[in-house]
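Please look over the structure below before reading on.

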Amino acid sequence: MVRVFSLSLLALLAGSAFANTQEVILDDPVYTLDSWEYTNCGNSDDVIQLESLSVSPDPPKPGQELTITAVGVALKPIKEGASADVVVKLGLIKLLQKTFDVCEEARTANASVQCPVEEGRYTVVQSVVLPKEIPRAKFTVSVRAYTADEEDMLCLDLAVNFLPQFPRPPFLGIW
């Protein structure tokens, strides 16, 4: 179950990993929503410069299709041999730590962008069905991607909260 969940995220991230990026906005690198957030931890000379990352539905729901749209710029070509180190955690507990072949993951996921990837701006849209058995918890995912020549390609930290969200009670003026 953890592998399927993390691979679902990776399939989406793999598409973004070799097709998304822009200059890192150093004064505001964290993008926060109610149930998920990401931090572009890369720098301005990473091969992939991420411009945006969005999910639908927002918030993601276990058992439903999740579509991730990533937009970015490849500053250099990305060829076979590119890799991504992925760590998935539940709190302090490491659920998965694995190195993935980015090009192979893109082929397996039938991603719209395939290796070799030429320089340029890309929009990658990738969908997966999330397992309905995803535990109601907050997960963190760390992705560090590298080119075949071991150059930094992308750095991304994600937090996805599958805990139930309860509506806030209206303010009653009672302290």
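What follows is a set of questions and answers on this structure.

Student: What kind of model is this, and what is the average pLDDT of the chain?
Tutor: This is a predicted model, in which local features need pLDDT of at least 70 and side-chain atom pairs count only at pLDDT 80 or more, while totals for chains, interfaces and linings use all residues. Residues are numbered from 1 along each chain as its sequence is written, and side-chain values use heavy atoms, with hydrogens and water left out. pLDDT is the predictor's confidence in each residue, from 0 to 100. At least 70 is scored by 74% of the residues, and the chain average is 80.

Student: How far apart are the C-alpha atoms of Gly-63 and Lys-132?
Tutor: Gly-63 sits in the loop between strand S3 (48-56) and strand S4 (65-74). Leaving out residues up to four places away in sequence, Gly-63 touches Val-129, Leu-130, Pro-131 and Lys-132. Gly-63 and Lys-132 are 69 residues apart along the chain, yet their C-alpha atoms are separated by 3.6 Å.

Student: Is Ser-83 buried or exposed?
Tutor: Ser-83 belongs to strand S5 (residues 83-90). Its contacts, not counting residues up to four places away in sequence, include Phe-100, Arg-144 and Met-153. Buried means under 20% relative accessible area, exposed over 50%, and partly exposed in between (1.4 Å probe, protein chains only). Because its relative accessibility is 18%, Ser-83 counts as buried.

Student: Why is strand S9 largely enclosed by the rest of the structure?
Tutor: S9 pairs in the antiparallel sense with strand S2 (residues 36-40) over five bridges, and with strand S8 (residues 138-146) over nine bridges. S9 spans residues 152-161, and it is largely enclosed because the number of its 10 residues that are buried is eight.

Student: Which residue in the turn between S8 and S9 has a positive phi?
Tutor: Tyr-146 has Asp-152 in S9 as its bridge partner. S8 and S9 form a hairpin with five residues between them, and the turn residue with a positive phi, about 65 degrees, is Glu-150.

Student: Which arrangement do the rings of Phe-139 and Phe-162 have?
Tutor: Rings of Phe, Tyr and Trp (its six-membered ring) pair if their centres lie within 6.5 Å; planes under 30 degrees apart count as stacked, over 60 as edge-to-face and the rest as tilted. Phe-139 and Phe-162 are both buried. Their ring centres are 6.2 Å apart and their planes stand at 70 degrees, so the pair is edge-to-face.

Note on methods: Helix = DSSP H or I, 4+ residues; strand = E, 2+ residues; numbered from the N terminus. Contact = heavy atoms within 4.5 Å. Pairing = 2+ DSSP bridges.
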